[in-house]
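Could you walk me through how this model is put together, from its domains to its sheets and its chain contacts?

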Amino acid sequence: MPESKNQVVVDIRDLSFQYPRGSVPAIRNINLQIKAGEYVVITGPTGSGKTTLAICLNGIIPNLVEGELIGEVIIAVDMNTKEHPVHELTSSIGMVFQNPEDQLFSLNVTDEVAFGVENMGYERQDIIQRVDAAIEKVGLVSRRDYSIFHLSGGQKQKVAIASNLAIAPQILILDAPTADLDPISSREVVGTLLDLRTKEPSKTFIVVDSDISDVISLADRIIVMNKGEIVLDGTPVDLLKNHFHELDDLGIRMPDHIRMMHWLNTAFPGQKEFFLEEKDVRHLMEKYTSSGKLIFTLPPEAVIPKPKEDPVVRFMNVSFKYKNGPTILEDVSFDIQHGEFLAIVGENGTGKSTLMKLMSGLLQPSKGIIETSGVDTSCALEEVLNNVGYLFQNPDNQLFMGTVAEEIAFGPRRQNCSEEEVNKRVDEALEMVGLQDACEQHPFTLSRGQRQRLAAATVLAAQPSLLLLDEPTTGQDQVALDNLMELTQGLIKNYAASVIMVTHDMDLVSRYATRMIVLDKSRILLDGSPLEIFGKKQDILARVCLAPPSMVSLTNNLGGKNECIPNFEWAISGAKIHNDVKTAV
Amino acid sequence: MASPIEFFSNVEKDSWVHRMDPRVKILMVLCLASLPLLFSDPLYLLGWFVLFLVLIMSAKIDIKPIMILFYGGLVMVFVYIMYGTFLAYPEETLVYAKFIWRWGPLVATDIGFYNGLILGSRLLILLMPIVLIIATSEPSMLAKGFMKLGMPITISFILLATLRFLPLVFEVATRVMEAQRVRGLNHKTFKERISNFKFLLLPLFINTLRQSRTLGLAVESKGFGARQWKEFYRDFAMTKTDWIILVILLIFVAAMLYIRFGLNLGWSAIYRP
Amino acid sequence: MTTDTKKVGAVEALFKKLTAVDLITLVVFAALFRILFLVYKLAEIVFPWNHPAWYFFCMLCLTPAVMMVRKPGATFLYTVSWLAINFFFQGEIPLWWICAATVPLIPELYMYMRAKAMGGYKVAFGDLKELIIFGLIYTLLAYTSNMLLIIFALGNPMPRVLFWPVGALSLVVGALGTWLGHSVGKRISGLVG
């Protein structure tokens with residue numbers, strides 16, 4: 001039943017929780033009230049306690065997860081989560097989890113949407129009405145009879161949202177709903193949330209995410225957590241205008257147009273307003289550039305010199321298809337030079353991961369030849385693997401030794417390094433990733449962020465000449481991502497290694513990659529520097545449903561110049577401010 | 001391992017078997033997968049085989065995606081034939097053998113071969129009605145059918161969960177082995193699998209459990225704990241055709257039992273040691 | 001909202017203590033058992049000598065499963081899980097369901113009695129000695145029902161004399177699987193939870 005706008009629907013009183021394995025509480029002394037109809041974003045770095053807080057709200061803690069809970073959570077005015085099992089709270093509060101793969105139980109869209117209401121024991125007519133309405137609300141009517149295996153990530157997440165909507169809870173929690181999705185799927189889900197905001201103004205939404213890029217324009221209120229406590233609580237404009245550096249220091253990912261807005265406010269003290277929408281920031285930039293107060297130019301590092309040595313990877317007319325499957329790659333030829341940072345982008349299913357696996361020797365081409373460091377991957381696989389470091393999307397897949405130190409030592413030992421050299425590399429790697437204190441711990445006792453750093457350390461300790469990164473942004477906050485990129489830059493600088501990265505994150509590509517390849521329909525569509533491709537091939541990118549980084553739309557043709565600056569750091573390092581120009585803005 | 005997509009590719013077809021009420025289908029398969037055990041005469045087994053073949057063809061089932069079900073059965077048939085052929089029968093039964101070949105302790109006989117072939121084939125025949133139910137039923141409808149026959153909700157949930165998780169576990173195992181391979185741990189040859197088994201175990205268990213526990217929490221968040229499955233969006237009810245099939249089935253079962261035990265037909269001597 | 005919650009039956013009431021997380025944990029372990037057996041088994045062609053591998057992997061996965069879930073009904077539902085996997089992915093004769101479904105009853109009863117004597121399921125399922133006995137009972141019953149079905153119902157002409165050495169080997173590897181499973185269970189209980 002919709003509540004009045006001022007009614008408190010979530011009341012958290014002195015809440016603290018400690019996991020059995022935790023040495024400190026995951027959340028402490030949380031006092032928070034959320035009103036009906038509010039759209040709240042709870043953000044913070046990895047390990048700040050956001051997800052723990054979220055699962056306290058719907059009763060998972062303390063009913064299904066062990067630990068010490070102090071304090072109270074009251075939902076929907078009178079339901080104490082300590083006194084009700086989870087299923088009794090379900091009709092008041094629902095939850096959409098981060099990874100769509102991890103929350104869809106049924107094999108069919110309609111069955112999944114109906115799952116919750118069927119669990120609650122509703123009458124059939126009621127079930128039908130709710131399910132049909134929910135499927136329509138998320139725009140999946142044409143896919144209602146699909147198997148979930150035939151859906152994209154965004155569609156799966158919409159199914160997860162719909163299955164909660166069918167139950168019609170007053171409060172809906174969404175835990176990083178777009179974190180594991182590609183940009184197209186993310187836009188789909190954000191669009192659905194925007195729609196729901198309009199269609200269900202009395203419903204309370206709580207989004208938990210360390211990346212606020214997608215949800216910033218929807219939020220009424222942002223709550224920032226750090227080390228288990230609430231450190232900031234206010235409107236988006238208030239927090240971003242007055243506490244930008246605090247948010248940045250905490251590693252909260254913010255979109256480039258917000259960074260640009262903050263920079264403009266700093267560069268032009270007279271600028272009082274703070275815009276949240278990209279189009280408004282662009283409009284402001286146009287005013288400053290057309291008045292002559294601001295000039296953007298490309299910095300010298302934007303120009304990348306041509307390579308001179310032999311390539312480290314060579315693909316010669318390579319084609320690949322799985323047995324009895326479709327062609328994944330067709331007649332692909334390219335070289336990768338020493339010291340290059342190559343980003344491979346493309347829609348899902350275009351062969352990006354297959355390309356990486358071919359490079360590493362995990363797969364062999366159906367046609368053509370692949371050489372890594374001059375060695376044919378089909379002939380001397382062991383030699384190839386000795387030179388390749390592969391950082392998988394899920395770091396847990398590649399950890400298997402008994403301690404952190406042994407894990408890192410495995411690679412150098414396999415390369416027949418002396419024990420002295422092994423110890424040296426282990427110490428260096430531990431220092432690089434900040435895991436010196438954990439060297440005797442079992443890898444799986446580390447937190448997710450630590451395990452990611454460990455996986456990176458195992459790869460770096462082997463000093464590969466070719467480093468493969470598979471979707472490195474998944475589950476990472478900004479600080480962790482920056483650290484990882486710093487490590488890879490170190491590898492390039494000190495060992496002339498080449499880095500190949502598969503990603504959907506165009507901002508990352510523009511900041512770090514020296515070259516990018518766009519795959520489409522089993523072939524290479526574009527191959528060039530990010531500057532060239534983002535600046536001059538936007539129409540081709542649009543045709544294959546790839547969006548350039550937000551800096552491109554912010555700086556494209558700014559000030560009448562026929563160029564764009566795809567990278568925020570380049571934009572501000574090459575910017576010239578003329579505050580003395582006396583023109584009104 | 002067949003992916004669920006290929007495996008259930010026959011489910012979307014339309015035939016009288018597809019349209020059957022899941023409860024009747026379950027009862028039919030339970031009967032048809034048990035009755036052949038009462039028979040060992042090759043003529044009668046041939047009759048069962050033909051009957052099942054007709055049922056499978058009338059259900060428009062494309063065998064190719066589900067051939068995996070028969071591979072294990074075929075190997076077992078071979079095992080039955082080998083044991084049957086070389087089994088050392090008591091001397092008194094050897095009088096029935098038209099061919100005897102001895103080599104040390106091994107005694108190959110034609111009756112042994114004949115026995116192994118019949119029993120092995122019967123095993124394969126028993127798999128055919130299973131194909132009928134798996135290939136023509138949506139798992140969720142099957143689970144609902146079992147529930148309406150009195151199976152507890154929890155067990156129905158387990159049936160559905162196995163379909164959801166076996167592909168997932170297989171995928172995790174593949175990814176972990178792939179990641180280990182890149183780091184230099186192979187799981188290709190039998191020797192490598194044994195020596196590197198200890199490295200596979202923990203990551204495989206932990207990765208699978210971590211992924212699946214979130215799904216468990218998601219399922220609980222949608223009220224599963226209430227265990228109130230009583231009405232469904234996609235439901236079914238007995239039609240006139242279902243009742244007719246049920247009656248025919250009961251008559252058929254009664255007839256088979258009468259033939260076997262009333263008339264004492266269908267069972268030729270199986271020579272056991 | 002129109003709900004008419006009905007009372008659940010006695011069997012369902014017993015299972016109700018198991019949450020979806022518990023049920024999924026059991027299914028996952030059953031799936032792990034089948035996958036490991038698929039990867040590591042000897043070819044069926046050496047039947048019945050490949051059977052001990054089956055009991056090894058069964059206990060290797062059952063033991064940590066019951067250590068994590070620690071509730072009555074867990075062993076039974078683990079058995080139902082691998083039966084369901086067999087049914088959907090390799091075909092299974094319904095007669096075998098009846099045999100196999102009875103296998104976990106005595107181990108469940110044994111652990112119920114031990115839990116009562118030792119102060120709870122958590123304690124009983126954490127004790128290696130109890131788990132080994134539990135594992136031996138399960139292996140023995142599974143092996144016996146397997147062989148009874150294969151030899152008598154299906155008429156497999158394997159020499160009956162093989163029943164004893166294969167059985168003894170199955171018990172030994174079943175115990176080994178339980179022991180290793182206990183070690184794995186201790187490790188992962190703290191890491192996933």
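Here is a short tour of domains, strands and a chain interface.

This is a predicted model, in which local features need pLDDT of at least 70 and side-chain atom pairs count only at pLDDT 80 or more, while totals for chains, interfaces and linings use all residues. Residues are numbered from 1 along each chain as its sequence is written, and chains are lettered from A and ligands numbered from 1 in the order in which they are written.

**Domains of chain A**

Chain A splits into domain 1 (8–254), domain 2 (258–302 + 560–577) and domain 3 (313–400 + 464–528); such bounds come from an automatic or database domain assignment. Between the C-alpha centres of domain 1 and domain 2 of chain A there are 35 Å. Where these two domains of chain A meet, eight residues of domain 1 are in contact with six of domain 2 (contact: C-beta atoms, placed from the backbone, within 7 Å). On the domain 1 side, helix α8 (residues 236–242) of chain A gives the most, with four residues. Helices (H or I, at least four residues) and strands (E, at least two) are DSSP runs, numbered from the N terminus.

**Strands of chain A**

Elsewhere, β12 (residues 313–321) and β13 (residues 327–336) of chain A run antiparallel, joined by six bridges. A:K321 stands opposite A:T327 in β13(A). Five residues lie between the strands of this hairpin, and there A:N324 takes a positive phi near 60°.

**Chains B and C**

The contact between these chains takes 51 residues from chain C and 61 residues from chain B. On the chain C side, α2(C) gives the most, with twelve residues.

The table sets out two touching sides by class (nonpolar: Ala, Val, Leu, Ile, Met, Phe, Trp, Tyr, Cys and Pro; charged: Asp, Glu, Lys and Arg; polar: the others, Gly among them).

| Domain 1 of chain A, touching domain 2 of chain A | six residues | one residue | one residue |

Terms used: Pairing = 2+ DSSP bridges.
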